[in-house]
Amino acid sequence: MARAGAFPDATALADESAASTDDVRALLVNPAAIGQRYPSELLLAYSRRDSGHEWSAGLASWRRVALGVTRERDSTLSFGLGVSAGSGACRLGWAPALRVASAPANERRFDDRAGLLMRPLPWASLGLVVAHVFEPMFLGERLEREYTFALGLRPLAWSRRLAHEPGARLTLTADAALEEGASRREARVRAGVAMEPLPGLELRALALGHGAFQLGVSLRGVRRSVQASQARTRSGRVRESVALSSHEGEDRTGFMPRAQYRVARVRVAGALADEAIPAGLLGGGGSDTPSGPIHRQLEQALEDPLTRGVFLELDHTTGMAQLEELRPRVARLTQAGKPVVAFMQTGGSRGDLYLASAASAIVASPAAEFTGLGLRAERRYYRQMLANLGIRFDRTSVGDFKSAYRNYSEDSTPPADTLVIQQLLTQRQELFVSAVTAGRRITPERLLPVLDGRSHPAATLASLGVIDSVGWREQAVAELGRRTGLGAKPRLADLRRVPRARTVWHTPERLAVVYAGGTIVDGRNGSDLLDGGVLGDETFARELERAIKAPGIRAVVLRVESPGGSSSASHLMDHAVERLRRETGKPIVVSMGSVAASGGYFLAAHADRIYADQHTVTGSIGVVFVKPSFEGLYRRLHVRQDDFERGEYMSGLSPARDWGPREQAAADSAIQRHYRIFVERVSDGRKLETSETYANAQGRVWLGEDAAARKLVDDIGGLEAAIAEAKRLGGIPAGEHVALREFHRPRGTLLERVVGGWLRERFAESLRLPGQSEAQARVPDWVEELE
């Protein structure tokens, strides 16, 4: 009778160590490893020593659950279930089984085994298995509790440069099994080595003790594998085993039939942002397409040897800063010999053409129309309309360019705003034209005619060289097939649904990325019915502290996507960055997305380094205060109000009283103080002379390169560049592969997500108005429209 656990002799069907096992055979060896390598797997195994000793098994797993049926000829039949839980660094598993003896008596007993698997380092793995946990009686004999201690080492992974994938090609193991109460001399010890001289070819050797040994070989295809082994003893007895496996996760292998080649289908549509932030009912904030999954698909397409090209479907994409960061990934694919064909079904936006210009070819369907490819900004002013209703907006700000909420207190666009709008339009146009013409290898004169705002058919763009051809989707796919050599109908694959096999034991989390997106408010993050997602200073400080103090984290990247908001909340966020840098000694690198201006810039001032994209809108160093007054409306409606107050300036905060000269002067004085604090904090954080900061402040917004020229940011680059700089500042070798620990905005409770804050408290925000007694460090709303 077998004594190895809840199943027949594990070495007969699985010649793996309790420290190195990672496929569905973990059910027989160490259940803590179930689901480690493949998301799902089906395995059939057979082992034979002689005509009287045969073992067979059918094993299946899905995620972290495994089922198995094993049979020892004319002896026992076992039905097992296994589950595992935990992280990649530490996992637990349990595998109960029903054992049925066919001879000499039809006896049934439950048995089980428990497992622990720890992989704290890329090169070290520790396993512990306890078999017969409850010591059941079976066929008149008690199955003694048995402990197996296992150690796995990967010498190549000691090198940080080789730890990620090459490090998995050599594994050394040692296992010692000992029954409870037995002496250490009775321990059964075995040692093994597994090496992969070629991708997909694995050779194994196992010393079983007392002169017995076992040799094995595995041939791994992409989703299939076959393993065979032979064991011999000193007496010459031979045991042979074979196993066939089919699995969901893909192995990187040299055995790749041409039929497995494919092209990746990547779709980019809608408003891109770092996170999908909910929008308000009245249009406040919001984005519907997170850019992270698109980055991961393009990166996977570049690294995956089966993916020979990319079919890039574009559908009216916006978010130029995010597209600026995606564009180099498209270019890297073409440089690596993996063609990218961009396709536009119904037409395209400026963002579509911008990203597509980095592709190998651009195809638009005959039904496509390209409309409104120029730029336009509109400013509407409501002072007179509100005055007709008896409503007035009292406003104070510092800086000629601080124009937030000015459209409620003025009748037309002032010269300072006109200057900035015209400059931004010109710069946006120049960035777009230079990138598209360089990518398409055409002159600006061929592109500019389609940027006039009229509707242009795809044929016009093709005649100008802006796109390559006009064709239906199947023709665009055929063009990609021709360029990849895969024929007119290449196999399209959504790489989000193509998981890779996990062979690396541990990828250290040494960098954290904290996403800070939304309008800045006091308190906590939230999402209300009217204004959408907001960024609270309390939530920001808590998440940043969690990230920077997390074990193993050496540096933090702070990704900012915010137009600003509450001045006090922005100041508190800036202090949190400064405090946590000082307390931990760890660097914080800021990466700015589409907009990181006013309060969004304030919170970044004390970071070690600041990166911005060319299309990033930043700066807007200034403060504004605005208060609606309904005194005239109440008078028209014959509403009487009696005032009772302590404090001669309290009426200046009332929504039922207009400001007089005294209240205006008090508000001007307060806003000057907020502005001075803002400038001083920027000067301190950026190591600038105060006069230099004042010269670049005044509420003026800058695009990335202008901000870099004025030392408001350190360099031009996206999130990828900021991560590389954080690695350098954190002392992480450039060649070391590390995992990013990401801190996205908390989702909140169901009630918070559905209902949000009180309708009354958010009504002003839905109209892009601040609270009644709070200074605002907020960029004007029109800067986000200039794309």
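**Figure 1. Charges and overall build of the protein chain.** The mean positions of the 104 positive and 95 negative charges of the protein chain lie 5 Å apart. Lys and Arg count as positive, Asp and Glu as negative, while His and the chain ends are not counted. Each charge is placed at NZ of Lys, CZ of Arg, CG of Asp or CD of Glu. This is a predicted model, in which local features need pLDDT of at least 70 and side-chain atom pairs count only at pLDDT 80 or more, whereas totals for chains, interfaces and linings use all residues. Residues are numbered from 1 along each chain as its sequence is written, and side-chain values use heavy atoms, with hydrogens and water left out. The C-alpha trace spans about 105 × 70 × 50 Å along its principal axes. The chain holds 20 helices and 40 strands. These are DSSP runs numbered from the N terminus: helices are H or I with at least four residues, strands are E with at least two. Of the 787 residues, 53% count as buried. Buried means under 20% relative accessible area, exposed over 50%, and partly exposed in between, with a 1.4 Å probe and protein chains only.

Figure 2. Strand β4 (residues 76-86) runs antiparallel to strand β5 (residues 90-101), joined by 9 bridges. Two strands pair if DSSP finds at least two bridges between them. β4 and β5 form a hairpin, with 3 residues between them. Ala85 has Leu92 of β5 as its bridge partner. β5 also pairs with strand β6 (residues 107-121), in the antiparallel sense, over 12 bridges. Here Leu98 has Phe110 of β6 as its bridge partner. In a regular strand, side chains alternate between the two faces of the sheet.

Figure 3. Helix α4 (residues 320-335) has 16 residues. From first C-alpha to last, α4 reaches 23 Å, close to the 22 Å expected at 1.5 Å a residue. The expected span is 1.5 Å times one less than the number of residues. Buried residues of α4 include Met320, Leu323, Leu326, Val330 and Leu333. Charged names are among them too: Glu324, Glu325, Arg327 and Arg329. Gly337 follows α4, with a positive phi near 85°.

**Figure 4. Helix α7 and Arg441.** Helix α7 (residues 415-440) has 26 residues and reaches 37 Å from first C-alpha to last, close to the expected 38 Å. Just after α7 comes Arg441. Arg441 sits in the loop between α7 and α8 (444-447). Its phi is positive, about 60°, although Arg441 is not a glycine. Most residues other than glycine have a negative phi. Arg441 counts as exposed because its relative accessibility is 76%.

**Figure 5. Ser620 in its loop.** Ser620 lies between β35 (617-619) and β36 (624-629). Ser620 is not a glycine, yet its phi is positive, near 55°. Ser620 is buried because its relative accessible area is 0%.

**Figure 6. Asp22 and its contacts.** Asp22 lies in the loop between α1 (10-13) and α2 (26-29). Asp22 counts as buried because its relative accessibility is 7%. Leaving aside neighbours within four places in sequence, Asp22 contacts Glu16, Ala33, Gln36, Arg37, Arg119 and Arg502. Contact means heavy atoms within 4.5 Å.

**Figure 7. Val133 and its surroundings.** Val133 is found in the loop between β7 (124-131) and β8 (137-138). Val133 and Asp111 are 22 residues apart in sequence and 7.6 Å apart in space, C-alpha to C-alpha. Beyond neighbours within four places in sequence, Val133 is in contact with Asp112, Arg113, Ala114 and Arg145.
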